[in-house]
Structure formats: structure tokens, C-alpha cells
Amino acid sequence: MEGCQKKKGQSQGQGQGQIHVPPELPEILKQFTKTAIKVQPPDVLAWSAAYFRALANGEAKENRWQSKDTSLTPSLLRVLNKQLGPLKIVPLSQINEKWLGLAMCQDHFDSIVQTGRFSGDTDWTEFFSVACHSLAQNLNDVMTLACEVLSTEADCRIPYSLFVSIYRYLATGYYNVSTGHVDYVVGYLDDNFAKKQNGFIIPDNFLKTSPSYPGLCG
């Protein structure tokens with residue numbers, strides 16, 4: 001019977017099985033619930049994943065999370081990429097369906113489509129690239145954002161081949177960077193960083209300029 005007795009000085013509910021509830025959790029869940037009810041996202045699970053990531057990154061406090069016409073955010077783009085990235089080529093209608101499933105504004109989607117001249121079966125990497133382009137001010141910021149969204153590592157590393165695909169597409173198509181300069185950048189970053197980093201690139205590699213490396217735009 002001794003083993004069944006409460007230890008001296010131990011109050012009711014303080015046993016080994018007691019669950020500690022962080023004091024901030026109720027308010028977090030309350031705000032999440034209020035926002036979800038207000039937004040009514042068709043794809044609740046995907047939207048919820050993006051919401052909590054945005055909350056951790058400070059995005060969820062912005063007004064764009066408080067309506068049914070949420071603007072694209074890096075966290076929402078990350079969710080879209082997880083859903084559609086593995087498919088490589090995706091019907092534009094499917095991208096639109098996933099987009100609306102996250103309760104995002106149709107006008108922003110239409111703007112990306114118009115900018116990239118997308119129709120029918122769409123190269124997801126190209127759509128993703130233009131989406132990043134719509135969220136940043138210059139090529140350095142766009143490529144940094146792409147790394148942040150695509151990577152799961154603290155240093156934001158991504159495969160160099162993927163970096164090259166996005167960079168080449170955007171630099172020549174949207175930033176008037178010459179093919180010759182793009183080829184030089186690709187070779188320079190490959191020789192000086194990617195080959196030494198097991199085929200990966202991180203933002204610090206392409207953001208720091210030097211006499212032998214004038215930067216992504218030249």
C-alpha cells in the first residue's frame with residue numbers, strides 16, 4: 001500500500017503525469033481560432049501550417065492574415081512549394097486551386113500569371129520564381145527569399161543546380177542581366193563555393209561582392 005500513497009508534501013495534480021501548459025498557449029490558440037473562423041480557408045490544414053510558421057516568423061501579426069483575401073507570404077509560398085514542388089510540371093488550374101485553398105487573393109495569382117505568361121501545364125520552378133519576384137525588391141532579395149523558402153537549414157542552403165535554374169530564369173528574363181554575366185556568376189559560384197559545399201549554395205556566397213565577383217546583377 002505504501003507505493004500507492006501520495007508522497008509527503010506533494011499536492012494533488014503534481015504527479016509525474018502532470019501536463020504543463022505554457023502560459024502563452026491559450027492566447028495563441030484563441031487568436032488562431034478567431035483568425036481561422038474569420039478567414040474560412042478551404043484547405044484548413046495547409047493554411048494552419050502556414051499560419052503557425054508565419055506566427056513564428058512575425059508574419060501572422062500583419063493585417064494580410066486577417067481576411068479571406070490573404071496576400072502571398074513566404075510562409076504560404078513554402079506551403080505551396082511543398083504541395084506542388086515535387087510535381088515539377090503542374091496544370092495552372094491546379095496551382096490556382098491550391099492558391100485559393102490557402103485563402104489567398106486571386107488578384108495576386110492573376111498578376112503572377114500575367115507576369116510569367118503562364119498557361120496550361122506550368123513549370124513549377126518558374127512559377128515559384130515569379131512568385132518570389134513579386135515579393136522582393138531586387139534580384140539579391142529575390143534569390144535570398146528563394147533560399148529561405150526552399151531550405152530547411154539554418155544557413156538557408158539549397159542545391160546549387162536549383163539555385164542556377166531560378167537565377168538564370170529570373171536574371172535574363174526579368175532583370176536584364178546578360179547571358180554572359182549569368183554564365184560568369186554561375187561558374188564563379190560553382191568553383192568557389194558549390195564544389196566545396198557538397199553541391200549547395202547559401203545566400204552569403206552570392207551576396208558578398210569582390211573585385212573578381214561583381215554580384216548577381218553585375
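In the predicted model, the axes of helix α6 (residues 124-133) and helix α8 come within 10 Å and cross at roughly 60°. Axes here are lines fitted to C-alpha atoms, for helices over the stretch in contact, with angles running from 0 to 180 degrees between N-to-C directions. The crossing of α6 past α8 is right-handed, a term that applies if the near helix is turned clockwise from the far one by less than a right angle, left-handed being the anticlockwise case. On the α6 side, T125, E126, F128, S129, V130 and H133 take part, and they meet L162, I166, Y169, L170 and Y174 of α8, where contact means heavy atoms within 4.5 Å. By class, seven nonpolar, three polar and one charged residues make up this contact; Ala, Val, Leu, Ile, Met, Phe, Trp, Tyr, Cys and Pro count as nonpolar, Asp, Glu, Lys and Arg as charged, and the others, Gly among them, as polar.

Residues are numbered from 1 along each chain as its sequence is written. As the model is predicted, local features need pLDDT of at least 70 and side-chain atom pairs count only at pLDDT 80 or more, whereas totals for chains, interfaces and linings use all residues; side-chain values use heavy atoms, with hydrogens and water left out.

The chain contains 10 helices and four strands, assigned as DSSP runs (helices: H or I, at least four residues; strands: E, at least two) and numbered from the N terminus. Along the sequence these elements follow the pattern α-α-α-β-α-α-β-α-α-β-α-α-β-α. Among contacts between residues at least 6 apart in sequence, 60% join residues at least 24 apart. Of the 218 residues in the chain, 39% are buried, buried meaning under 20% relative accessible area, exposed over 50%, and partly exposed in between (1.4 Å probe, protein chains only). Helix α3 (residues 74-84) is mostly covered, with eight of its 11 residues buried. These buried positions are S75, L76, L77, R78, V79, L80, N81 and L84.

Side chains of opposite charge can pair when their charged atoms come close. In the pair formed by R168 and D183, the closest N and O atoms are 2.8 Å apart. R157 forms a salt bridge with D155, with 2.6 Å between the closest N and O atoms. Here R157 is partly exposed, with a relative accessible area of 37%, and D155 is likewise partly exposed, with a value of 29%. In the salt bridge between K195 and D191, the closest N and O atoms are 3.1 Å apart. K195 is exposed at 59% relative accessibility, whereas D191 is partly exposed at 44%.

The structure holds zero disulfides, a disulfide being defined as a pair of cysteine sulfur atoms within 2.5 Å. C147 is in no disulfide, and the nearest cysteine sulfur, that of C156, is 6.9 Å away. C147 is buried, with a relative accessible area of 0%. C156 is also in no disulfide, its nearest cysteine sulfur being that of C147, and C156 counts as buried at 17% relative accessibility.

Positive phi values were also examined. R117 is not a glycine, yet it has a positive phi of about 55°. This residue is placed in the loop between α5 (106-116) and β2 (121-123), and R117 is exposed, with a relative accessible area of 78%. N198, which is not a glycine either, has a positive phi of about 55°. N198 lies in the loop between α9 and β4 (200-201) and counts as exposed at 72% relative accessibility.

Note on methods: A salt bridge is a side-chain nitrogen of Lys or Arg within 4 Å of a carboxyl oxygen of Asp or Glu.
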